Amino acid sequence: MNLLRQIKTVLWSFVGLGRRQDMADIPGRGNPLVLILIAFVLVLVFLGTLAWIARSVTLAQSASATYQDEKRHPKVAQVVDLIGG
């Protein structure tokens, strides 16, 4: 239960919202090292999510561009079929 409370504390600090009284109670909530570790893990999850979104968007755009190239130039589709791609 204490771990969930610390995760909630870190998430609220990411957003930057909170009452001054709650911010004063943070050192009493637990070990600062645990809070730093939780923050580090949550930052890695956030950055991984952003990287995944960026990768999926760029893959979708490249697939769309390939499809449009094949629509404009029917010979491209024949060459791609010959190469085996």
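Exposed here means over 50% relative accessible area, buried under 20%, and partly exposed in between, with a 1.4 Å probe and protein chains only.

Before I continue, please note that this is a predicted model, in which local features need pLDDT of at least 70 and side-chain atom pairs pLDDT 80 or more, while totals for chains, interfaces and linings use all residues. Residues are numbered from 1 along each chain as its sequence is written, and side-chain values use heavy atoms, without hydrogens or water.

The chain as a whole has five helices and zero strands, in the order α-α-α-α-α. Helices are DSSP runs of H or I with at least four residues, strands are runs of E with at least two, and both are numbered from the N terminus. Of the 85 residues in the chain, 8% are buried. The chain exposes about 7200 Å², with 68% of that supplied by carbon and sulfur atoms; accessible areas come from the Shrake-Rupley method with a 1.4 Å probe, and for residues only the protein chains shown count as cover.

I return to helix 1. Which of its residues are buried? They are Gln6, Thr9 and Val10. Seen down the helix axis, the buried residues fall within an arc of 95 degrees, so they line one face of helix 1; the arc is taken from the directions from the axis to the C-beta atoms. Just after this helix, glycine 16 takes a positive phi of about 90 degrees.

Next, the surface. Leu11, Trp12, Phe14, Val15, Leu17, Val43, Phe46, Leu47 and Leu50 form a nonpolar patch with about 860 Å² of accessible area together. Patch residues have over 30% relative accessible area and no salt bridge; like charges are joined within 9 Å, and nonpolar side chains (Val, Leu, Ile, Met, Phe, Trp, Tyr) within 5 Å. A salt bridge is a side-chain nitrogen of Lys or Arg within 4 Å of a carboxyl oxygen of Asp or Glu. Helix 1 and helix 4 (32–72) each supply at least two residues of the patch.

Finally, I turn to one pair of residues. Phenylalanine 14, in helix 1, is partly exposed at 43% relative accessible area. Leucine 42 belongs to helix 4 and is partly exposed at 21%. Beyond its neighbours within four places in sequence, leucine 42 is in contact (heavy atoms within 4.5 Å) with Ile7, Val10, Leu11 and Phe14.
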